[in-house]
Amino acid sequence: MRVLFVDGCIRGAQSRTRMLAQTFLDTLTARKPDCTVEIADLNTLRLVPLFGDTLAERDAAVAKQDWTNPWFAQAVQFQQADLIVLAAPFWEGTFPAAMHTYIEHICAAGLTFKYGEDGSQIGLCKAKHAVFFGTKGGIYSQGAAREDDFAARFLKTNLRMLGIPELDVVEAEGLDIDGADVKGILEQAKNQARAMAERL
């Protein structure tokens, strides 16, 4: 199994989100020693969003189906993975801009998806399953704030377009509320991550 870990944990080693993802990956690799994990570290990649001039440059490469162009390095890696693991903290309704930019880079018509004759989008990615790990300072699973959480919904929409219909989500929330049992909340989420890895 070829696993791609998209690390959008911009706080690096201090990230509670990365802790959850690492728990999952450690459990998975212990169960499946032959699986390899590739890491797309968004802190290191520092991808640049598309602007008018760079979009034209990228579109020209798309028209030539030139997938060796550096613009498509992340898209090629993503397209070939058997399992996608994404991790990013909750940030202004979804997650940090670095993750949005990464998604912009992997959405390449003709490589990771194509259009059918009726205009529908057909995914071309090898993986059929993805896992998303997130952490939140507040509570968004219930109450009025539930409408303000677009992270998993945003990912589901884009992953479905790329041909990945299944997305499992593990999130720890309420971590920054005064008096919260942070250790307990994180341990519960880590147990969910372990159980998910055991099922794969």
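**Ring pairs and the fold around them**

Mentor: F95 and F132 are both buried, in what is a predicted model.

Trainee: What makes F95 and F132 count as buried?

Mentor: The term requires a relative accessible area under 20%, and both F95 and F132 fall in that class.

Trainee: How many aromatic pairs does the rule give?

Mentor: With ring centres required to lie within 6.5 Å, the count comes to seven aromatic pairs.

Trainee: Which parts of the chain does the pair link?

Mentor: It joins distant parts, with F95 in the loop between strand 3 (83-87) and helix 5 (97-106) and F132 in strand 6 (residues 129-135), the two being 37 residues apart. Ring pairs also bring in F154, so that F95, F132 and F154 are linked into a cluster.

Trainee: What makes K136 a charge over the face of F90?

Mentor: K136 lies 5.5 Å from the ring centre of F90, where the cut-off for such a charge is 6 Å, and K136 is accordingly placed over the face of that ring.

Trainee: Which elements make up the chain, and in what order do they run?

Mentor: There are seven helices and seven strands, and from the N terminus on they follow the order β-α-β-α-α-α-β-α-β-β-β-α-β-α.

Trainee: Why is the protein chain called as compact as a globular protein of that length?

Mentor: Its radius of gyration is 17 Å, and because this is close to the 16 Å that the globule rule gives for 200 residues, the chain is as compact as a globular protein of that length. Along the principal axes its C-alpha trace spans about 55 × 40 × 35 Å, and 46% of the 200 residues count as buried.

Trainee: Which residues of helix 4 are buried, and what do they pack against?

Mentor: In helix 4 (residues 73-80) the buried residues are Q74, A75, Q77, F78 and Q79; they pack against several elements, among them strand 1 (2-7), strand 2 (36-41) and helix 6 (151-161).

Trainee: Which residues does UniProt list for the "domain: Flavodoxin-like fold"?

Mentor: The UniProt record, an unreviewed entry, lists residues 1-195, and over that stretch the chain is 38% helix and 19% strand.

Notes
Residues numbered from 1 in each chain as written. Predicted model: local features only at pLDDT ≥ 70, side-chain atom pairs only at ≥ 80, totals over all residues. Heavy atoms only, no water. Phe/Tyr/Trp six-rings, centres within 6.5 Å; stacked < 30°, edge-to-face > 60°. Helix = DSSP H or I, 4+ residues; strand = E, 2+ residues; numbered from the N terminus. Buried < 20%, exposed > 50% of the residue type's maximum accessible area, 1.4 Å probe, protein only. Lys NZ or Arg CZ within 6 Å of the ring centre and 35° of its normal. Rg over C-alpha atoms; globule rule 2.2 N^0.38 Å. UniProt positions renumbered as here; feature names shortened; annotations may be inferred. Contact = heavy atoms within 4.5 Å.
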